[in-house]
Amino acid sequence: YIDDHQADDQFLALLRLFHHIGFFAYYELKGVPLESNWVCTDTTFLYKEISKLLIIRLHPHYPQRVATKRFKKEGIINERDYQELFKEVEISEETPSEWLLQVLQNLSFTAEIGPGRFFMPTVLPKDHIEIPDCPAVQPLCFAFNFKEDAFSENLLDLPRSIFCQLAVHLANKDEWDTCPNDSDRSTIRYTYGDLEVFLIDKPGRIEVAVFCFESFIFSKKGPCPADLKKLHDHCAAIKDEVKEEIEAVSGSVMG
């Protein structure tokens, strides 16, 4: 029963409750008016539509039309021509395109990396980016430890499932500028101030390799103590931000 006092808040609370106990799927999209959010009574509808984008990478014989080919190469959905892409992958005409774009962001499939440009790393080709040989510091390594018997033996590689969501979370942060043209499915390149940062997917761990641009070192004779302290402070900040986002993503992916 919903009474007249704060009826909107009570109804919204009911929607959230029914979502959590599995009656239906309700997505509160950021920046979208409440009345424009959708309740999916059949969640397979949404999964089916999103899968049409994901299959571009998984299906080796998927038709290579113009927008689809560009999307697979760059991992970018452009606001100016996304309807062409959605048409090529046969997104249902009953699905509001603007709403689907917001859903992809809300579920961390995409990150807006510029006005009207949405980065979706999970569709990128794999293993074609070469990382420079000499990072400024040894790669930061984030390994995964699970409780004994937490997963079956054939799921030991499960941590890799968080990589693309982690890449999206970092791309959404102000300090992290994504470089999609220099990225692939397992290696995402960012700039972080005067640093170049590679997020690297490895079995059982995620590595972060940090490189300095020439503008980072101010002394012509080489790094001085102040430069090294600056580098240390930046690397510490990067480590803390990556760790924070790994914890957030792990919670949503693994429960």
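In what order do the 3 strands of the open sheet sit? The order is β3-β5-β4, with antiparallel pairing. Because β3 (76-78) and β4 (111-114) stand at the edges with a single partner strand each, one side of each has no neighbour in the sheet. From one strand to the next, the twist averages 35 degrees, using axes fitted to C-alpha atoms and angles from 0 to 180 degrees between N-to-C directions. β4 and β5 (residues 117-119) run antiparallel and are joined by 3 bridges, and E112 stands opposite F118 in β5. Strands here are DSSP E runs of at least two residues, helices H or I runs of at least four, numbered from the N terminus; two strands pair if DSSP finds at least two bridges between them.

This is a predicted model, so local features need pLDDT of at least 70, side-chain atom pairs count only at pLDDT 80 or more, and totals for chains, interfaces and linings use all residues. Residues are numbered from 1 along each chain as its sequence is written, and side-chain values use heavy atoms, leaving out hydrogens and water.

Now the cores: sets of buried Ala, Val, Leu, Ile, Met, Phe, Trp, Tyr and Cys joined through side-chain atoms within 4.5 Å, buried being under 20% relative accessible area (1.4 Å probe, protein chains only).

| Core | Size | Members include |
|---|---|---|
| Largest | 30 residues | Y190, L199, V208, I238, V242 |
| Second, separate | 20 residues | I77, V89, W99, L101 |

Technical notes: Buried means under 20% relative accessible area, exposed over 50%, partly exposed in between (1.4 Å probe, protein chains only).
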